[in-house]
Amino acid sequence: LIDKDFYKYRKQGIVEKMITAVMEISTYRQRVTVFSIYNPEPLDFYILSSLMQSSGNSATRMRQMRLAITWGHARVAKEFIFSRKEYKFQTDELNKLLLFSIIKQRTAFVKLLIDYGANVRKFVTQSHLTRLY
């Protein structure tokens, strides 16, 4: 079946197009991440890990954290965001992430954010409680 499909696609020129695309992609090696299919982690873990490789400003870090919270991978956030010493979240950023984690019911992130420096006493305000209610 594979041989039959390969020759069918080769006749249509698709194989050559795919090879050309792979060659073009390989010129951007710093943007390519390769993972073994035999690793025990789910595919979304590797996709998220790849997305976390890029460094960036405050907005980038916030997008990465929101993505990690949405996908529920606290370990990725800890390894790729909180382990970097070049960026420290501001109090208001931690509060936004804490609120987002609570809304998404991600207790691992709530614990991670508190360990990282989120202050629950300053977080618990009337506006936050109203929003959560």
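Colleague: Where is Asn-95 found?

Modeller: Asn-95 is found in helix 6; helices here are DSSP runs of H or I with at least four residues, strands are runs of E with at least two, and both are numbered from the N terminus. Please keep in mind that this is a predicted model, in which local features need pLDDT of at least 70, side-chain atom pairs count only at pLDDT 80 or more, and totals for chains, interfaces and linings use all residues. Residues are numbered from 1 along each chain as its sequence is written, and side-chain values use heavy atoms, with hydrogens and water left out.

Colleague: Is Asn-95 buried or exposed?

Modeller: Asn-95 has a relative accessible area of 13%, so it is buried. Buried means under 20% relative accessible area, exposed means over 50%, and partly exposed is in between, with a 1.4 Å probe and protein chains only.

Colleague: What does Asn-95 touch?

Modeller: Leaving out residues up to four places away in sequence, Asn-95 touches Asn-119, Phe-123 and His-128. Contact means heavy atoms within 4.5 Å.

Colleague: Let us step back. How many helices and strands are there in the protein?

Modeller: The protein has nine helices and zero strands. Of its 133 residues, 29% are buried. Among contacts between residues at least 6 apart in sequence, 62% join residues at least 24 apart.

Colleague: And the accessible surface of the protein?

Modeller: The accessible surface comes to about 10,000 Å², and carbon and sulfur atoms account for 57% of it. These areas come from the Shrake-Rupley method with a 1.4 Å probe; for residues, only the protein chains shown count as cover.

Colleague: On to helix 7. Which residues in helix 7 are buried?

Modeller: In helix 7, which spans residues 107-116, the buried residues are Phe-109, Val-110, Leu-112, Leu-113 and Tyr-116. They cover an arc of only 165° around the axis, which puts them on the same side of helix 7. The arc is that of the directions from the helix axis to the C-beta atoms.

Colleague: Which residues are exposed on the other side of helix 7?

Modeller: Thr-107, Lys-111 and Asp-115 are exposed there. Just after helix 7, Gly-117 takes a positive phi of about 135°.

Colleague: Which residues touch the most other members of the largest nonpolar core?

Modeller: That core has 28 residues, and Met-52, Met-65, Phe-82, Phe-89, Leu-97, Phe-109 and Leu-113 touch the most other members. A nonpolar core is a set of buried Ala, Val, Leu, Ile, Met, Phe, Trp, Tyr and Cys residues joined through side-chain atoms within 4.5 Å. Two or more residues come from each of helix 3 (43-52), helix 4 (58-71), helix 5 (74-82), helix 6 (91-103) and helix 7. Helix 5 gives the most, with six residues. In soluble globular proteins, nonpolar side chains tend to be buried together.

Colleague: What does Leu-113 touch?

Modeller: Not counting residues up to four places away in sequence, Leu-113 touches Met-65, Phe-82, Leu-94, Leu-97, Leu-98, Ser-101 and Ala-118.

Colleague: How many aromatic pairs are found in the whole structure?

Modeller: The search finds two. Rings of Phe, Tyr and Trp (its six-membered ring) pair if their centres lie within 6.5 Å; planes under 30 degrees apart count as stacked, over 60 as edge-to-face and the rest as tilted. Phe-45 and Tyr-46 form an edge-to-face pair, 5.4 Å centre to centre with 85° between the planes. Phe-89 and Tyr-116 also form an edge-to-face pair, at 6.1 Å centre to centre with 80° between the planes.

Colleague: Where do Phe-89 and Tyr-116 lie?

Modeller: Phe-89 is in the loop between helix 5 and helix 6, while Tyr-116 is in helix 7; they are 27 residues apart, and the pair links distant parts of the chain. Both Phe-89 and Tyr-116 are buried.

Colleague: Which residue lies over the face of Tyr-116?

Modeller: Lys-88 does, at 5.0 Å from the ring centre. Arg-66 lies over the face of Phe-100, at 3.9 Å from the ring centre. A charge sits over a ring if NZ of Lys or CZ of Arg is within 6 Å of the ring centre and within 35 degrees of the ring normal.
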